[in-house]
Amino acid sequence: MTYPHRIGAEPTTCGTDYAASPTTISRWAMSSMPGRWRPPRDAAGITTCRPSMPGEFGLQPHAVPEENFSASKVIVPAGFSLGPQHRYVRPADPTPESWEVHLGGDILELSEAEVGVYGTAFLHIEDHSQLKVNRARLIQELRTAPHPQPDAQRLVDRLIDRGLLLEFDPEGPLEELFRRYRLFPTAEGMGSTPEEPEYHRMGHGNRPLVAVHNDAYVMWAFSFLHANLWEACAYFAKADQEELEEGEQPIGLTADRVAREVAVNLPMMIATQCAFLDPAAAL
C-alpha cells in the first residue's frame with residue numbers, strides 16, 4: 001500500500017501529512033488510510049523525534065541499510081510496560097532483576113535482551129506510520145544497532161511466541177485478529193483545529209503526536225468499553241444505520257471498513273505510546 005505524503009505541512013508542526021483519498025469525507029467515515037505523525041518540539045522549537053520508551057530503555061533509532069522490507073505484515077509491540085523490577089537488597093543493585101509487561105491477564109517478565117528487542121519495536125515512528133516496519137526490518141535494526149544483537153532473530157521469534165510482538169496484515173482479514181484484542185488509549189485526546197477539522201489529535205503533555213480521522217479517533221477513545229476490538233467496530237458501524245438524524249442517509253459503513261481504518265493507524269498509535277493492544281482476557 002502506497003500513500004502520498006508531504007513533509008512539514010505547517011510552519012508550526014512537522015510530520016507526514018497523508019493526502020486525502022478520492023473517497024468522499026463524510027459525517028462519520030474517512031477513507032481507510034493512516035493519519036499523521038507529528039514529532040514533538042521542545043521549548044526551543046527543535047523537533048524531538050524519540051518518544052519516551054517503555055521503562056526508558058535508552059534506545060535510539062539509527063539508519064538501517066536499505067533492503068526490501070515490503071512484506072505485507074507489520075509488527076508492533078503488544079501489552080503495556082510496567083518497567084524494571086529491582087531486588088530488595090542493600091547495598092542497592094542498579095541492575096534490574098527483570099522488566100515486566102502487562103499482557104492480558106498476566107504479567108510477563110523479560111530479560112535485558114528481550115526488553116531491548118521489545119523497546120526497539122517502538123522506534124522509527126515515521127516508518128510505522130507508513131506501515132514499513134515488519135519482522136525483517138526489526139531484525140535488521142537489531143543487528144545493525146550501535147550495540148548489535150547477534151541473536152536478534154531468535155529473540156524476535158520468542159517475543160512473537162510469547163505474544164509480546166504482534167504481526168498482522170492491515171490489508172488482510174481482520175475479524176479473527178480483532179476478536180482477540182482490545183485497544184486502550186494511553187494519551188490525551190486533543191481534538192481538532194479550525195485549520196484541520198478533519199484531523200483529530202492525540203499526544204502527551206499537551207503536545208500532539210498523532211492526528212487521525214474520525215473513525216480511528218472514536219475507536220481509540222471508546223473501543224475498550226467493548227469485549228474486543230471487532231465488537232467495537234461492529235457497534236460503531238451499526239450506528240450508521242440506527243443513529244441517523246432526520247433527512248440523513250446511511251453511508252454504508254461496515255465493521256470491516258471501520259476495522260481497516262483502525263488497522264492502518266495502529267502501528268503509529270502504538271509506536272508513539274498513544275495506545276496499546278492487549279489480548280482480550282476474561283478474569
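The largest nonpolar core of this predicted model has 61 residues, and Val 156, Leu 165, Phe 178 and Leu 266 touch the most other members. Helix α8 (residues 255-271) supplies the largest share of this core, with 10 residues. The protein has 283 residues, of which 50% count as buried. It holds eight helices and 13 strands.

**Core and overall fold**

- In soluble globular proteins, nonpolar side chains tend to be buried together.
- Leu 266 is in contact with Phe 168, Phe 178, Leu 183 and Leu 277, when its neighbours within four places in sequence are left aside.
- Among contacts in the protein with a separation of 6 or more, 63% are between residues 24 or more positions apart.

**Cavities**

- Rolling a probe the size of a water molecule over the atoms shows where empty space is left.
- The model has two cavities of 30 Å³ or more.
- The largest cavity contains about 70 Å³ of space.
- Its lining consists of Thr 120, Ala 121, Leu 123, His 124, His 128, Val 133, Arg 137, Leu 138 and Glu 141.
- By class, the lining of the largest cavity has four nonpolar, three polar and two charged residues.
- Helix α3 gives the most to the lining of the largest cavity, with three residues.
- The second largest cavity contains about 40 Å³ of space.
- Leu 166, Leu 177, Phe 178, Tyr 181, Leu 229, Leu 266 and Leu 277 line the second largest cavity.
- The lining of the second largest cavity has seven nonpolar residues, with no polar and no charged ones.

**Salt bridges**

- There are 10 salt bridges in the structure.
- Arg 135 and Asp 157 are joined through their side chains in a salt bridge (2.7 Å, N to O). Arg 135 lies in helix α3 (residues 135-143) and Asp 157 in helix α4 (residues 152-161), so this pair ties together parts that are 22 residues apart in sequence.
- Arg 135 is partly exposed at 30% relative accessibility, and Asp 157 is partly exposed at 23%.
- Asp 93 and Arg 87 form another salt bridge through their side chains (3.1 Å, N to O). Asp 93 is partly exposed at 28% relative accessibility, and Arg 87 is partly exposed with a relative accessible area of 35%.
- The side chains of Arg 180 and Glu 176 also meet in a salt bridge (2.9 Å, N to O). Arg 180 is partly exposed, with a relative accessible area of 39%, whereas Glu 176 counts as exposed at 54% relative accessibility.
- A network of salt bridges links Glu 114, Arg 158 and Arg 162.

**Helix α1 and Ala 113**

- Ala 113 lies in helix α1 (residues 112-120).
- At 32% relative accessibility, Ala 113 is partly exposed.
- Ala 113 is in contact with Gln 149 and Leu 155, leaving aside its neighbours within four places in sequence.
- Ala 113 and Asp 151 are 38 residues apart along the chain, and their C-alpha atoms are separated by 9.1 Å.

**Backbone exceptions**

- Most residues other than glycine have a negative phi, and most peptide bonds are trans.
- The peptide bond from Arg 90 to Pro 91 is cis, with omega near 0 degrees. Pro 91 is located in the loop between β5 (80-85) and β6 (98-103).
- His 124, which is not a glycine, has a positive phi of about 55 degrees. His 124 sits in the loop between α1 and α2 (125-129), and it is one of the residues that line the largest cavity.
- Leu 131 is also a residue other than glycine with a positive phi, near 60 degrees. Leu 131 lies in the loop between α2 and α3. Its relative accessibility is 16%, so Leu 131 counts as buried, the cut-off being under 20%.

Definitions and conventions. Residues numbered from 1 in each chain as written. Predicted model: local features only at pLDDT ≥ 70, side-chain atom pairs only at ≥ 80, totals over all residues. Heavy atoms only, no water. Core = buried A, V, L, I, M, F, W, Y, C linked by side-chain atoms within 4.5 Å. Buried < 20%, exposed > 50% of the residue type's maximum accessible area, 1.4 Å probe, protein only. Helix = DSSP H or I, 4+ residues; strand = E, 2+ residues; numbered from the N terminus. Contact = heavy atoms within 4.5 Å. Salt bridge = Lys/Arg side-chain N within 4 Å of Asp/Glu carboxyl O. 1 Å grid on protein atoms, 1.4 Å probe; cavity = no way out; pocket = protein on both sides within 12 Å on 5 of 7 lines; lining within 4 Å. Points joined across faces, edges and corners; volume = space filled by probe spheres on them. Nonpolar A, V, L, I, M, F, W, Y, C, P; charged D, E, K, R; others polar.
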